[in-house]
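Visitor: Could you take me through this structure, please?
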Amino acid sequence: MNQIIIGKFIAQKRKEKNLTQEQLAEKIGVSNKTISKWETGKCMPDYSIIEILCQELNITLAELMNGEEDEKSIHTYDNEQIIKMIKEMQNLKNIKTLISGFFLIIMGGVMFVLSQIFGGTNIQDFLSGFMLGISISNMLIGVFLLGYYLLHCKQKKI
């Protein structure tokens, strides 16, 4: 599954239907920036709207996943398998975000403890201050990632 090939296929089919990114976005309930990201291969359509996208472009899920029309395609897929695979991929991405957030918070806590242990001389004070700064940064990034997960991933009920 090549996102760039799939993106080019989405763009091709959209243009064949004489639709702008904005028009397609309105029909399927996403933003035109989302369509642009799909067409440039930066991301894939969410499993929850992939069937609607295929209906609007008059293509099958298998054609979308192959990035070409059936007559050229040698692959065959079951629609439920495709949606299940995409959902699992998106779940894994969300879990990765969640784990990254927890990891950074834990690392921030460890760095904070180390900064408190190694205080004393000028060099030690500098190092402890540096570690304190890193720990606060890690914790803030971790909180941001957890917030992102809770706001974006839980809204989709993944």
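Predicted model: local features only at pLDDT ≥ 70, side-chain atom pairs only at ≥ 80, totals over all residues.

Visitor: How many helices and strands does the secondary structure of the chain have?
Guide: The chain has seven helices and zero strands. Helices (H or I, at least four residues) and strands (E, at least two) are DSSP runs, numbered from the N terminus.

Visitor: What percentage of the residues count as buried?
Guide: Of the 158 residues, 34% count as buried. Buried means under 20% relative accessible area, exposed over 50%, and partly exposed in between (1.4 Å probe, protein chains only).

Visitor: How many salt bridges does the structure hold?
Guide: The structure holds three salt bridges. The term denotes a side-chain nitrogen of Lys or Arg within 4 Å of a carboxyl oxygen of Asp or Glu.

Visitor: Which residue does glutamate 39 meet in a salt bridge?
Guide: Glutamate 39 pairs with arginine 14 at 2.5 Å, N to O. This pair links distant parts of the chain, with glutamate 39 in helix α3 and arginine 14 in helix α1, 25 residues apart.

Visitor: Is arginine 14 buried or exposed?
Guide: Arginine 14 is buried, because its relative accessible area is 8%. Glutamate 39 also counts as buried, at 11% relative accessibility.

Visitor: What else is arginine 14 in contact with?
Guide: Leaving aside neighbours within four places in sequence, the contacts (heavy atoms within 4.5 Å) of arginine 14 include Leu19, Leu24, Ile35 and Leu57.

Visitor: And which residues form the other salt bridges?
Guide: Lysine 13 and glutamate 16 meet at 3.0 Å, N to O. They are three residues apart in helix α1, so about one helical turn separates them. Lysine 13 is buried at 8% relative accessible area, whereas glutamate 16 is partly exposed at 46%.
Guide: Glutamate 56 and lysine 27 meet at 3.8 Å, N to O. That pair, too, links distant parts of the chain: glutamate 56 is in helix α4 and lysine 27 in helix α2, 29 residues apart.

Visitor: Changing topic, what is the phi of asparagine 18?
Guide: Phi of asparagine 18 is near 55°, a positive value in a residue other than glycine. Most residues other than glycine have a negative phi. Asparagine 18 is found in the loop between α1 and α2, and it is exposed, with a relative accessible area of 69%.

Visitor: What about asparagine 58?
Guide: Asparagine 58 has a positive phi of about 55° as well, although it is not a glycine. Asparagine 58 lies in the loop between α4 and α5 and is exposed, with a relative accessible area of 60%.

Visitor: Which residues form the positive surface patch?
Guide: The patch is formed by Lys33, Lys37, Lys42, Lys93 and Lys96. Patches are made of residues with over 30% relative accessible area and no salt bridge, with like charges joined within 9 Å and nonpolar side chains (Val, Leu, Ile, Met, Phe, Trp, Tyr) within 5 Å. Lys and Arg count as positive and Asp and Glu as negative, while His and the chain ends are not counted.

Visitor: Which helices supply at least two residues each?
Guide: Those are α3 and α6.

Definitions and conventions
Residues numbered from 1 in each chain as written. Heavy atoms only, no water. Areas by Shrake-Rupley, 256 points an atom, 1.4 Å probe, with all protein chains shown as cover. Charge placed at Lys NZ, Arg CZ, Asp CG, Glu CD.
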